[in-house]
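Dear colleague,

Please find below the structure that I am handing over to you, with its sequence. My notes on what was found in it follow directly after.

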Amino acid sequence: MSVKNEPGERILICEDEPNIISFLKAELEYEGYHIETALDGSEAISKFLPEFFPNNSYSLVLLDIMLPVRNGLEVLREIRKTSNIPVIILTARKEVYDKVAFLAAGADDYITKPFDTSELIARVKRHIQRAKTHYSASQEKLTIEPDAYRAKILGNDIGLTKTEFEILCFLHENIGKVKTRDEIISAVFGDFYGESNIVDANVKNIRAKIARHTSARVIETVRGKGYLCV
């Protein structure tokens, strides 16, 4: 008997072959997932835009390499600009170069066609559960008290300034999503403030204060993009 998943878990399938979409959709819906589909790379990217689907609320993406309009690698790079969602690559190509390129760009897994259905479903469940466990552990470590402008790590007051607290709070509200320096400045200081290095300085201070209590990384740097609360 199949174990059903939590209501609301959504998977985005980016695939241009209707028969594969139909098959995957039926199998994953049977497992209890809600399925969205995209037939080309441009449509896949659009489904990560806030006006189409607020908060990019997918649990996982199944991404084909050979998509029309914009290929799978382009789609993956666009996803990684704003989201740390698990991405499994689907492809008929078996070259090691392809695998390395996609893993380097941020893919979590790679499976070749034709694939065994039970193996694919097992990988989907594993990556979704791993992501949920990771974010749950992060939120248990870090406690935010907005009214008191206080943040605690493992029960210890971190001792943040007002600006440091607001930056950490903004990143924590968007846990798992990359936020650019400009987005952080806009949220904390307003659009008129133009010195991006203020973000780097405050993040450095936040990390130093957290490091007094734990070696765990709470804020990750995403090179060329910004910062990510994990």
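Two strands are taken to pair if DSSP finds at least two bridges between them. The model is a predicted one, and the notes below should be read accordingly.

With that criterion, an open sheet of 3 strands is found, in the order E9-E11-E10 and with antiparallel pairing. Strand E9 (179–180) and strand E10 (219–222) form its edges, each pairing on one side only. The antiparallel pairing of E10 with strand E11 (residues 226–229) extends over 4 bridges. Within this part of the sheet, isoleucine 219 stands opposite cysteine 229 of E11.

How many disulfides does a search of the whole structure find? The search returns 0. A disulfide would require two cysteine sulfur atoms within 2.5 Å. For cysteine 169, the closest cysteine sulfur is that of cysteine 229, at 10.0 Å, and therefore too far for a bond. Cysteine 169 counts as buried, at 12% relative accessibility. Cysteine 14 is likewise buried, with a relative accessible area of 0%.

I turn next to helix H1. This helix covers residues 18–30, 13 residues in total, and reaches 18 Å from its first C-alpha to its last, close to the 18 Å expected at 1.5 Å a residue. Ile20, Ile21, Leu24 and Leu28 are buried in H1. Seen down the helix axis, the buried residues of H1 fall within an arc of 95°, so they line one face of the helix. In general, an α-helix has 3.6 residues a turn, and residues three or four places apart therefore point the same way. The face of H1 turned away from the buried side carries Pro18, Asn19 and Tyr30, which are exposed. Just after H1, glycine 32 adopts a positive phi of about 105°.

Across the whole structure, 1 aromatic pair is found. Its members are tyrosine 149 and phenylalanine 165, which form a tilted pair with 5.1 Å centre to centre and 45° between the planes. The pair links distant parts of the chain, 16 residues apart: tyrosine 149 is in the loop between strand E6 (142–145) and strand E7 (150–153), while phenylalanine 165 belongs to helix H6 (residues 162–173).

Most residues other than glycine have a negative phi, and most peptide bonds are trans. Tyrosine 149, although not a glycine, has a positive phi of about 50°. Valine 69 is a residue other than glycine with a positive phi, near 70°. Valine 69 is located in the loop between strand E3 (60–64) and helix H3 (72–82), and is exposed, with a relative accessible area of 65%.

Where is the cis peptide bond that involves proline 114? The bond runs from lysine 113 to proline 114, with omega near -5°. Proline 114 itself is situated in the loop between strand E5 (109–112) and helix H5 (117–141).

Yours sincerely

Technical notes:
Residues numbered from 1 in each chain as written. Predicted model: local features only at pLDDT ≥ 70, side-chain atom pairs only at ≥ 80, totals over all residues. Heavy atoms only, no water. Phe/Tyr/Trp six-rings, centres within 6.5 Å; stacked < 30°, edge-to-face > 60°. Helix = DSSP H or I, 4+ residues; strand = E, 2+ residues; numbered from the N terminus. Buried < 20%, exposed > 50% of the residue type's maximum accessible area, 1.4 Å probe, protein only. Expected span 1.5 Å × (residues − 1). Arc of directions from axis to C-beta.
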